[in-house]
Amino acid sequence: SGEPVLIVEGPFWQVQLVEAWVRGSLDAATHVATHFAHCALVAEDAEIIETGTEIINRLGGNPLASRAAYVGGGGASTNALAGRR
């Protein structure tokens, strides 16, 4: 629809820091969801299990990437924190 997802206002250097964090989070999640969507198309009815997020060492990266895999078509995760949430 052409509307921005997020608008950040403030001093330039602070906005740059927030922008880098938000963009990094959205880019990674979008990449994971797209990858799992492609895998789900190929796998047809087979369940896809996400197994890589337990090694991501970023604040919030583990459950966020697991959720992105689920959105993309993954059926299960080996990440206990994501499973609990």
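A: Helices (H or I, at least four residues) and strands (E, at least two) are DSSP runs, numbered from the N terminus. This is a predicted model, in which local features need pLDDT of at least 70 and side-chain atom pairs count only at pLDDT 80 or more, while totals for chains, interfaces and linings use all residues. Residues are numbered from 1 along each chain as its sequence is written, and side-chain values use heavy atoms, with hydrogens and water left out.

The chain contains 3 helices and 2 strands, arranged from the N terminus as α-β-α-β-α. Of its 85 residues, 24% are buried (buried means under 20% relative accessible area, exposed over 50%, partly exposed in between, with a 1.4 Å probe and protein chains only).

The structure holds 1 salt bridge, a term for a side-chain nitrogen of Lys or Arg within 4 Å of a carboxyl oxygen of Asp or Glu. It links the side chains of arginine 23 and glutamate 19, with an N to O distance of 2.7 Å. In general, side chains of opposite charge can pair when their charged atoms come close. Arginine 23 and glutamate 19 both belong to helix H1 (residues 12-43), and because they are 4 residues apart there, about one helical turn separates them. Glutamate 19 is partly exposed, at 34% relative accessibility.

Glutamate 50, in strand S1 (residues 49-50), is buried but has no salt bridge. The nearest side chain of opposite charge is that of arginine 67, 11 Å away (Lys and Arg count as positive and Asp and Glu as negative; His and the chain ends are not counted). The side chain of glutamate 50 does form a polar contact of 3.2 Å with that of serine 66. Such a contact is a pair of N or O atoms within 3.5 Å; within protein, one must be able to donate a hydrogen and the other to accept it, and residues adjacent in sequence count only if both atoms are side-chain atoms. Leaving aside residues up to four places away in sequence, glutamate 50 touches Phe36, Ser66, Ala69, Ala76, Ser77 and Thr78, where contact means heavy atoms within 4.5 Å.

Glutamate 47 lies in the loop between H1 and S1 and is exposed, with a relative accessible area of 56%. With residues up to four places away in sequence again left out, glutamate 47 touches Gly75 and Ala76.
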